[in-house]
Amino acid sequence: MSSKYKLLGIIFLAGVSILLLTAAIGYYYVIPRTVDMEKYKEQIRGVFERRMVYPSELGELKIDLTWNFRARVTTDRVIIRKLNDTRFVELGPSYVEVPLLPLINDRIILRKININFLDIDITRFDNGSFDVSTIFGQVEQPRYIVSIKDANIQINSYRIQFQDQLIEPPKNYLFIGDKIVVNNFDPNRFIQAHARGTAYINDRSPSDFNISFSSALPFLDSRKFHLGGKVNNFDLNNITPYLNDRVMIQGKGDINFDVEVYKKYFGKNRFF
């Protein structure tokens, strides 16, 4: 009797293995030949060119299927320049992953973004607006509905130049690091982020940081946010221009923190 059950077990496992193998062959070999991936590459490039307001370059595109039923779109570079031909945004080899079934139905849901090297130059003008908000133009009748849902974002190596003209006097910030990770990002619900690197402010001595941040979204509508981590050689003077005009903070040193920040206690300020 035991030999009979062993034989049935072997037959069952063999049948499951054959089914899984057949499904894998169909997924990785039949679908790419049935669905025109070249069509999607042409459409992605067309959307990129139509949406970009500034001179830009999109590198070579490649589309692969992943084990979890997603399409992975890879490019070796993205370059965006300002109208005066200076650098605006540059991405090294990067990819995004979107679920396959919604894509076939003209819906793009970004679930994973991986960027190897980010170089960006951001300016906040004296009216509070950011120049990066003007990168993408409007499309009258977009072919695809694009959304971000519970996305995981990882940036490996970054350089972020930020000029803030809203405060007086204006300040220049430079952030250089090896890692930014964002988990469970949904623009209408939640963000959780972690960053590690070094900050340079107006050419002063650098500050190393390792911080985490989380908040309900949209951020401007949230009542509070969480901030934690440590910063070495931190100059509290850098915060003063952003606070209520009656508040001044001074001091310098290493700080460790893990706090819930309630916005109402800050009154009118230039942070949020």
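Author: Let's begin with pairing: two strands pair if DSSP finds at least two bridges between them. Strands themselves are DSSP runs (E, at least two residues), numbered from the N terminus. This is a predicted model, where local features need pLDDT of at least 70, side-chain atom pairs count only at pLDDT 80 or more, and totals for chains, interfaces and linings use all residues. Residues are numbered from 1 along each chain as its sequence is written, and side-chain values use heavy atoms, with hydrogens and water left out.

Reader: Thanks! Which residue stands opposite Ile-79 in β4?

Author: That is Glu-57. Strand β1 (residues 56–58) and β4 run antiparallel, joined by three bridges.

Reader: How many bridges join β4 to strand β5?

Author: Four, and these strands also run antiparallel, with β5 covering residues 87–91. Here Arg-81 stands opposite Arg-87. The hairpin of β4 and β5 has five residues between the strands, and Asp-85 there takes a positive phi near 75°.

Reader: Is Ser-214 buried or exposed?

Author: Ser-214 counts as buried because its relative accessible area is 18%. You will find Ser-214 in strand β11 (residues 207–216).

Reader: What is Ser-214 in contact with, leaving aside neighbours within four places in sequence?

Author: Contact means heavy atoms within 4.5 Å. For Ser-214 the partners are Phe-190, Ile-191, Gln-192, Phe-225 and His-226.

Technical notes
Buried means under 20% relative accessible area, exposed over 50%, partly exposed in between (1.4 Å probe, protein chains only).
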